[in-house]
Amino acid sequence: NSFCTLLILRMRAAAVCACVAVLAACSAATVFKSSAAAVSGPAEQWQVFVPYGDQVKSNFVFSPSGATGCTILQDQNDNAVVFCFKTSTGAKIFRASLGMFPVNTPQLTVTSDLVLVAAPTSVTALDATTGSQVWANQDVEASVAVVDTSVNGNGVAFVGYGPQALYGLAANGTQVWSFNGQFGECSFFPTPIYNQNGTFLACARTLVGGFPAIFGFDVPTGSMLWFDYNQGNDPNPRWADGQTLVYLKANESEWVTTYVVDVRTGFPKWSWPTNMQHATGTVLNGSIVVIGTWASTTALSLADGSVMWALPDPIDLTSELSVPIPAGPNGDQLALFHLQLSEHLEQSLRRVDPTTGTVLWNSTMNVNGAAPWHYAAASNRLATRTPNYVYGYDFQTGVQQWSQQVDENDFVAFTGNLAIETRDLQVVLAFAIGPNSADRA
């Protein structure tokens, strides 16, 4: 009897321990699901389950207003599905099947009235409200993506690009022109930018040597305006204004020079050598060019290339790359992220006065990499994603406000004051990057 009593007591104790373990696990899961915050967690706005057991297969793409978000799903029958939702509530706008999932995940571009789907052998336009097909072009081979250029000259409404071609499409999807690379085979990759005057810029990577290059195009005609070969560094092109382009170019020794050119001719207005083999850059308010290298950050006058200020990196390491981040409601403020590529993982985030180079605050991050950075004007905060976390920083003070744990395989994208994330590729959640500035005042 005493043996039976002891056994029963042990069984009861084990059961209690198991219950405690389950409760602890549930509690931990609840905390993770609501915020997983290191400081004060982001406020969850909504949470939806992807319908029918589908899985999210691509990051989120948003309409120009940010009101609509879309992604590619893969259903249980291996069909590719376009899923669009309202970013304010997560409510489904439409779910449209594309047929069997292709080898490469289709890419999306969302305009104010269309969702453009670029698959390996076609481009399809869906109505952004109903998901019904507006047009389809089955003759564009190996398309990678489509960009809405908002250009109507010569009937060109969209510019698309694939591994070996650029093409102009009319509003009904018919091809107006194509360009397949006049300098041998070229592999175009998705970093084109365009201005409001109909001039299209595309980055290309030649198959021989694998180096980036810059092409300038006239969108209405598809005519190449100019070409500049590069030897290594990402050109990282930026518009300064409607006629002026800023990009980075490496010479045969891979030393990088900043070029400011007339986009109609490609002729340099001025250039500035970085004396480094890697660099990044941006343009603030159409008046200041900011260049980051492994050693320092330099601000140049857009008008004549004169140096306004130079700021050394906070840590004396040759593996630290300064990455300038435009911020502020008008894009005229500056933050610097100092990326460490060595075993030293303490990375620095600083706010700098764009006209004087004065450091306004400095914050450190013990993380491995962070990109991209997003400025949320409504809350005056910066947000970024690392492999396992999403972070929010107050742009006024530099104080980390929250951190949100994510799985490295899940997707995260930012729009306005929202971070849209996935959980296990089957749940979509939205978090506020911060409270509205008016609410905090």
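Strands here are DSSP runs of E at least two residues long, numbered from the N terminus, and two of them pair if DSSP finds at least two bridges between them. The model is predicted, so local features need pLDDT of at least 70 and side-chain atom pairs count only at pLDDT 80 or more, while totals for chains, interfaces and linings use all residues. Residues are numbered from 1 along each chain as its sequence is written, and side-chain values use heavy atoms, with hydrogens and water left out.

**View 1. An open sheet runs β24-β25-β26-β27**. Its 4 strands pair in the antiparallel sense. At the edges stand β24 (280-284) and β27 (307-312), each with a single partner strand, so one side of each has no neighbour in the sheet. From one strand to the next, the twist averages 15 degrees (axes are lines fitted to C-alpha atoms, and angles run from 0 to 180 degrees between N-to-C directions). Look at β26 (residues 296-301): this strand and β27 share 5 bridges in an antiparallel pairing.

**View 2. Another open sheet has the order β11-β12-β13-β14**. Here too there are 4 strands with antiparallel pairing. The edge strands, β11 (145-148) and β14 (175-179), each pair on one side only. Ignoring direction, neighbouring strands of this sheet are turned by 20 degrees against each other on average. Between β11 and β12 (residues 158-162) there are 4 bridges, in the antiparallel sense. Val-146 sits opposite Gly-160 of β12.

**View 3. A disulfide ties Cys-70 to Cys-84**. The rule is a pair of cysteine sulfur atoms within 2.5 Å, and the count by this rule comes to 1. S to S, this pair spans 2.0 Å. The torsion about the S-S bond is about 110 degrees, so the disulfide is right-handed. Cys-70 belongs to strand β4 (residues 68-74) and Cys-84 to strand β5 (residues 79-86), 14 residues apart. Buried or exposed, what is Cys-70? Cys-70 is buried, at a relative accessible area of 0%, and Cys-84 also counts as buried at 0% (buried means under 20% relative accessible area, exposed over 50%, partly exposed in between, with a 1.4 Å probe and protein chains only).
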